[in-house]
Amino acid sequence: MSVRTLPLLFLNLGGEMLYILDQRLRAQNIPGDKARKDEWTEVDRKRVLNDIISTMFNRKFMEELFKPQELYSKKALRTVYERLAHASIMKLNQASMDKLYDLMTMAFKYQVLLCPRPKDVLLVTFNHLDTIRGFIRDSPTILQQVDETFRQLTEIYGGLSAGEFQLIRQTLLIFFQDLHIRVSMFLKDKVQNNNGRFVLPVSGPVPWGTEVPGLIRMFNNKGEEVKRIEFKHGGNYVPAPKEGSFELYGDRVLKLGTNMYSVNQPVETHMSGSSKNLASWTQESIAPNPLAKEELNFLARLMGGMEIKKPSGPEPGFRLNLFTTDEEEEQAALTRPEELSYEVINIQATQQRSEELARIMDLRSWRDDLLAMMDEL
């Protein structure tokens, strides 16, 4: 297991979360002069994205995230994303939060599976950061936070060997291995089977620095080529046009990690027929966790870095529905297995009186909430 995997997992899943929220906010957007108090406007959409991105890329939060550490459970990470999703005036109920996390995890799992070479998971991360920059291009302070995270990624991961990236990719695949949730977009594009497993292509560009398969070279003990044998590989491969850019601005070449919701098509998750996946989640929810204490410390550290500003004035918040109708959302909440449900986390953000005092107050309140959650494991 690689201790350098967590930042890549968090940033890519966070990027997918922002893609989904942006798509749903745009779909429910009402022009400002026609909107009622309980409806979304373009101003609300930008505010929600700005608040979440600002929290997600907070300097202290990133410092904790980039420390070498093991990955923790899906349930522990989901707690962090639930806090992120509620870092603004937006509110998600249980069913919509479940669906959001399902879509996030399946999208990134697909991207990891399709990475031509292990190092390309870094390009996938940069694609997410590039799109996030577009969301906050009018907010220079937040943009600076994202650029600083890019610098940290380049500094830490730029010098890793191919073997180290292979270990990172393997750690990610182990994390995702029991998740087989069906997604309508993937099913429609025939990149996912009805059992929730992805279909890997046998065509397209080969990894940068490698050759198209079909030739076996034989060498003697002096390193001289003595024989060639051609074979049919059964695919339709082509050489990679060029290597993607690892600079702050550049052509990534690889399209994995870009916003697949930009075409504004609805995306649904289908839980039926995924009994193995459900059993996996159930087992993780009810089985005693030997790392419970470490996960508690992990969450306290990560959440301790999140500085969420309380909105000025009495604002009840806007509810976002990730389903087509309220009825579908209610039905999803009723049909989802009870073992897979999570406690809704209500976050009460306090205005900072001083940096140190606020940190202590927040950690005390979060510790109580987290201990209560761990008692349920």
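Analyst: A helix axis here is a line fitted to C-alpha atoms over the stretch in contact, and angles between N-to-C directions run from 0 to 180 degrees. Helices (H or I, at least four residues) and strands (E, at least two) are DSSP runs, numbered from the N terminus. The model is predicted, with pLDDT of at least 70 required for local features and 80 or more for side-chain atom pairs, while totals for chains, interfaces and linings use all residues. Residues are numbered from 1 along each chain as its sequence is written, and side-chain values use heavy atoms, without hydrogens and water.

User: What makes α6 and α7 roughly antiparallel?

Analyst: The axes of α6 and helix α7 (residues 140-157) come within 10 Å and cross at roughly 170°. Angles under 35 degrees count as roughly parallel, over 145 as roughly antiparallel, 65 to 115 as roughly perpendicular, and the rest as oblique. The crossing angle therefore makes α6 roughly antiparallel to α7.

User: Which residues make the contact between α6 and α7, and what are their classes?

Analyst: Contact means heavy atoms within 4.5 Å. On the α6 side the residues are Leu122, Thr125, Phe126, Leu129, Ile132 and Arg133, and on the α7 side they are Leu143, Val146, Asp147, Phe150, Leu153, Thr154 and Tyr157. Ala, Val, Leu, Ile, Met, Phe, Trp, Tyr, Cys and Pro count as nonpolar, Asp, Glu, Lys and Arg as charged, and the others, Gly among them, as polar. By that scheme the α6 and α7 contact has nine nonpolar, two polar and two charged residues.

User: Why is Thr125 called buried?

Analyst: Buried means under 20% relative accessible area, exposed over 50%, and partly exposed in between (1.4 Å probe, protein chains only). The relative accessible area of Thr125 is 1%, so Thr125 is buried. Thr125 sits in helix α6 (residues 120-135). Beyond its neighbours within four places in sequence, Thr125 is in contact with Leu8, Leu11, Asn12 and Leu153.

User: How do you know the direction of α1 relative to α2?

Analyst: The axes of helix α1 (residues 6-27) and helix α2 (residues 42-56) come within 10 Å and cross at roughly 170°. That angle therefore makes α1 roughly antiparallel to α2. The contact involves Phe10, Leu11, Gly14, Gly15, Met17, Leu18, Leu21, Asp22, Leu25 and Arg26 of α1, together with Arg45, Val48, Leu49, Ile52, Ile53 and Met56 of α2. Its residues divide into 11 nonpolar, two polar and three charged.

User: What is the largest nonpolar core, and which residues have the most contacts inside it?

Analyst: A nonpolar core is a set of buried Ala, Val, Leu, Ile, Met, Phe, Trp, Tyr and Cys residues joined through side-chain atoms within 4.5 Å. The largest one has 76 residues, and Phe10, Ile53 and Tyr81 have the most contacts inside it. Its largest share, 12 residues, comes from α1.

User: What makes Arg47 partly exposed?

Analyst: Arg47 has 28% relative accessibility, so it counts as partly exposed. Arg47 lies in helix α2. From C-alpha to C-alpha, Arg47 is 8.3 Å from Ile89, which is 42 residues away in sequence.

User: Where is Lys190, and why does it count as exposed?

Analyst: Lys190 is in the loop between α9 (184-188) and β3 (203-205). Its relative accessibility is 67%, so Lys190 counts as exposed. Lys190 also has a positive phi of about 60° although it is not a glycine.

User: What is phi of Val253, and how accessible is the residue?

Analyst: Phi of Val253 is near 65°, a positive value in a residue other than glycine. Val253 is in the loop between β6 (236-238) and β7 (269-270). Its relative accessible area is 24%, so Val253 is partly exposed.

User: How many helices and strands does the protein have, and what share of its residues is buried?

Analyst: The protein has 13 helices and eight strands. Buried residues make up 48% of its 377 residues. Of the contacts with a separation of 6 or more, 79% are between residues 24 or more positions apart.
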